[in-house]
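Please keep the sequence and the model in view while reading the points below.

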Amino acid sequence: MMHRRTLLGAGAGLALAAPALSQRTPTLRFVPQANLAALDPIWTTAIVTQMHGYHVYDTLYALDTRLQPQPQMAAGHETSADGRVWRITLRDGLRFHDGEPVRATDCAASLARWARRDPFGQILAAAVEEWRAAGDRVLEIRLTRPFPLLLEALAKPDANVPFIMPERLARTDANTQVTEVVGSGPYRFARGEFVSGSRVVYAKNDGYVPRGEPNDGAAGAKVAHFPRIEWHILPDPATAAAALQAGEVEWLEQPLSDLIPTLQRNRNIEVGVLNEAGLMSVMRLNHLQPPFNNPRVRQAVALAVDQSEYMRSTLGEDRSVWRECRSLFPCGTPFGVEDLSALNAPPRGLDRARAALAASGYNGERVVIINPTDFPLIAPHGQITADRLRRIGMNVELAETDWGTVVQRRVRTEPVERGGWSIFHTFGSSLAYLNPAVSSLVKGPGASGWFGWWENARAGELVQAWLDAPDAALQASLANELNRLAQDEVATIPLGQFYARNAWRRSITGLVKGSMPYPWGVRPV
């Protein structure tokens, strides 16, 4: 069992500044889960970059807390009788932070770029004949066949969110990062104050026109109550918790589980779950390079996994905030069915994994695990995997760096000898893995897919069949077949589900529930 951090004491605070709410310009100071290493939420699925995106950008549609798509930048839409033409009209008054109006051409280019990168977008794009402007405020999506889930695709709440950028930026190749940050959302990115690894600053967009509806998940008014938001990058959990207790920050996204009881005893602090859908932890293998281009080697690794060890390493013994789940769709949801694969049949463990590896044809190839030391909810997982794989006989290198380096390195497809990688660990909102349409874990598009690049033509056929299924019973059957296929081939190794608790000072209120911390609605008490 890996050892978790211990509390350093409430005195280990930071001299950040005087409490923000007493300053002349009210400032919300927030500690995110990790450093903002990449600024382009289309190029990367990193949650911290998606959070950044919600500050700066806006979407045509957004999911409310009932998971229903609602108009956001859109005033509304109409469809042709045959379902093959969608015309979406933009709201009045939408402007980018550079002063330019938001036009339909911006939306068309943004969606086309997003659809080349996102798994759900790729499915939609296969049915799109053209993304085009039918006027400055009318986006027209012409389809080769009806696509009933089009609004669900445009309202996708997580990894990757179809944010709208200016056309000149959206014309950037989807595999190249956009580094200029210009959106039309409730906050502007303060480029001049950005210090990677230390601070991110956002200033209220005074030109933002809120919707009339109340905040509801990723949908609604998105009212910016604070003129300024500062992200303080504090990778040490005890330091971050001490800063919250001292009033040096107002909001801590993911306090370490060891520190929760101390924070709960502080009458000035509230602890709660904002993402009620929960999160899923996963291990991702590189299918392009040895040894994990061999499915039998991947299966040996899957047999070595003890989910309870991974969950306890980051969340402790409190089973109310985590559970084991061997499905690649979230347990507790319609498609979250466990024990579909023979790999999951007991006995699982190191002995069975060792025997499977011996029979797999593994030839001692080096396995490089890229692992972030500055991300408490991920770092122990890399250490556990390195230990377990060594114990079954693999040649393991644990390459520990900061999270930003992991994000940059995991895009590389070269062999490990030329700077590539074999394994990384991460987690995402359960909403990002909810069904075959949205999940990147069960599709098999190969090089055009998520990092790891699992390729399986049958998986793609099953996803399309699920989309076309006429009834819920057939959808469930197809989802089970896809789930079993992805587990048998070890497309991804699930490590468990959990709820991440936020902690915030009672000097702020109005925090909006959803798949991640949203900047709107939060206001001083």
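Predicted model: local features only at pLDDT ≥ 70, side-chain atom pairs only at ≥ 80, totals over all residues.

Lys 222 lies over the face of Trp 520, at 4.7 Å from the ring centre.

**Aromatic pairs**

- A search of the whole structure finds 21 aromatic pairs.
- One of them is formed by Phe 424 and Trp 450, in an edge-to-face arrangement with 5.8 Å centre to centre and 80° between the planes.
- This pair links distant parts of the chain, since Phe 424 belongs to strand β17 (residues 423–429) and Trp 450 to the loop between β17 and α13 (457–468), 26 residues apart.
- Phe 424 has a relative accessible area of 0% and is therefore buried; Trp 450, with a relative accessible area of 9%, is buried as well.
- Trp 450 also forms an aromatic pair with Phe 451, which is tilted, with 6.4 Å centre to centre and 45° between the planes.
- Both Trp 450 and Phe 451 are buried.
- Elsewhere, ring pairs link Phe 30, Phe 189, Phe 194, Tyr 202, Trp 231 and Trp 251 into a cluster.

**The four-stranded sheet**

- Four strands, in the order β4-β5-β7-β6, form an open sheet with antiparallel pairing.
- At the edges stand β4 (74–79) and β6 (128–133); each has a single partner strand, so one side of each is left without a neighbour in the sheet.
- On average, neighbouring strands of this sheet are turned by 15° against each other, direction ignored.
- Five bridges pair β4 with strand β5 (residues 85–90) in the antiparallel sense, and the bridge partner of His 77 in β5 is Ile 88.
- Helix α2 (residues 104–117) lies across β5, β6 and β7 (138–143), and runs at about 150° to β6.

**The seven-stranded sheet**

- Seven strands make up an open sheet with mixed pairing, in the order β8-β9-β10-β1-β11-β19-β12.
- The edges are taken by β8 (187–189) and β12 (269–272), each with a single partner strand, so one side of each has no neighbour in the sheet.
- Strand β1 (residues 27–31) and strand β10 (residues 228–232) run parallel and are joined by four bridges; in β10, Arg 228 is the bridge partner of Thr 27.
- Helix α1 (residues 47–56) packs on the sheet and touches β1, β8, β9 (199–204) and β10, its direction making about 170° with that of β10.

Note on methods: Residues numbered from 1 in each chain as written. Heavy atoms only, no water. Phe/Tyr/Trp six-rings, centres within 6.5 Å; stacked < 30°, edge-to-face > 60°. Helix = DSSP H or I, 4+ residues; strand = E, 2+ residues; numbered from the N terminus. Buried < 20%, exposed > 50% of the residue type's maximum accessible area, 1.4 Å probe, protein only. Lys NZ or Arg CZ within 6 Å of the ring centre and 35° of its normal. Pairing = 2+ DSSP bridges. Axes fitted to C-alpha atoms, helices over the stretch in contact; angles between N-to-C directions. Contact = heavy atoms within 4.5 Å.
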